[in-house]
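Subject: Structure for you to look at

Hello,

Here is the structure I said I would pass on.

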Amino acid sequence: QVQLVESGGGLVQPGGSLRLSCVASGNIFSINAMGWYRQAPGKQRELVATITRPGSTNYADSVKGRFTISRDNAKNTVYLQMNSLKPEDTAVYYCNADVINGLRTRRDYWGQGTQVTVSS
């Protein structure tokens with residue numbers, strides 16, 4: 001079994017910053033791409049940012065220049081540094097990982113989500 005656990009969410013004022021972390025643990029052989037997605041109330045889940053194992057990144061247009069995704073392969077951890085936060089960034093943020101487990105089976109895993117609220 002593989003688990004993804006997010007942390008770092010919370011309440012922040014517009015213009016503020018937060019850093020999300022997601023640690024993958026369990027029967028892991030290797031992790032390919034990792035990413036962050038978000039879902040606001042009444043909306044579909046959307047991609048925020050992804051990062052490949054070598055470190056290539058991809059961002060949603062709405063967060064380019066404000067958010068930075070990074071990862072530590074040795075720690076099976078992905079981060080999302082969020083700066084210049086806006087009220088429209090309010091959502092539940094989910095971590096995603098493309099994992100090859102110890103049985104060499106490849107599968108997508110999701111974390112339980114962490115709430116980010118941007119409000120004055």
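Contact here means heavy atoms within 4.5 Å. On that basis, and leaving aside neighbours within four places in sequence, Met82 is in contact with Gly16, Ser17, Leu18, Leu20, Arg66, Phe67, Tyr93 and Val116. Please keep in mind that this is a predicted model.

Overall fold

The protein chain has eleven strands and zero helices. In sequence order the pattern is therefore β-β-β-β-β-β-β-β-β-β-β, and the radius of gyration is 14 Å, close to the 14 Å that the globule rule gives for 120 residues, so the chain is as compact as a globular protein of that length. Along the principal axes, the C-alpha atoms fill a box of roughly 50 × 25 × 25 Å.

Of the 120 residues in the protein chain, 42% are buried. Taking contacts between residues at least 6 apart in sequence, 55% join residues at least 24 apart.

The core

The largest nonpolar core has 30 residues, and those with the most contacts inside it are Trp36, Leu80, Met82 and Tyr93. Two or more residues each come from β1 (2-7), β3 (18-26), β4 (28-39), β5 (46-51), β7 (67-72), β8 (77-82), β9 (91-101) and β11 (114-118). The most comes from β9, which gives five residues.

Tyr93 is in strand β9. Its relative accessibility is 0%, so Tyr93 counts as buried. Apart from residues up to four places away in sequence, Tyr93 touches Glu6, Leu20, Trp36, Tyr37, Arg38, Val48, Phe67, Leu80, Met82, Gly113, Thr114 and Val116. That list includes Trp36, Leu80 and Met82, which are named with Tyr93 among the residues with the most contacts inside the core. Ile69 is 24 residues from Tyr93 along the chain, and their C-alpha atoms are separated by 13 Å.

Val48 sits in strand β5 and, at 1% relative accessibility, counts as buried. Setting aside neighbours within four places in sequence, Val48 is in contact with Trp36, Tyr37, Arg38, Asn58, Tyr59, Ala60, Val63, Phe67, Leu80 and Tyr93. Val48 and Phe67 are 19 residues apart in sequence, with a C-alpha to C-alpha distance of 8.7 Å. Phe67 is also among the contacts of Met82 and of Tyr93.

Two buried serines

Ser21 lies in strand β3. It has 17% relative accessibility and counts as buried, the cut-off being under 20%. Beyond its neighbours within four places in sequence, Ser21 is in contact with Val5, Glu6, Ser7, Trp36, Val78 and Tyr79.

Ser30 is in strand β4 and is buried, with a relative accessible area of 15%. Not counting residues up to four places away in sequence, Ser30 touches Arg53, Asp98, Val99 and Ile100.

Loops

Asn83 is in the loop between β8 and β9. With a relative accessible area of 28%, Asn83 is partly exposed. Once neighbours within four places in sequence are left aside, Asn83 is in contact with Gly16, Ser17, Arg66 and Phe67. Ser25 and Asn83 are 58 residues apart along the chain, and their C-alpha atoms are separated by 27 Å.

Most residues other than glycine have a negative phi. Asn76, in the loop between β7 and β8, has a positive phi near 50°. Arg104, in the loop between β9 and β10 (106-110), has a positive phi near 65°.

Regards

Key: Residues numbered from 1 in each chain as written. Predicted model: local features only at pLDDT ≥ 70, side-chain atom pairs only at ≥ 80, totals over all residues. Heavy atoms only, no water. Helix = DSSP H or I, 4+ residues; strand = E, 2+ residues; numbered from the N terminus. Rg over C-alpha atoms; globule rule 2.2 N^0.38 Å. Buried < 20%, exposed > 50% of the residue type's maximum accessible area, 1.4 Å probe, protein only. Core = buried A, V, L, I, M, F, W, Y, C linked by side-chain atoms within 4.5 Å.
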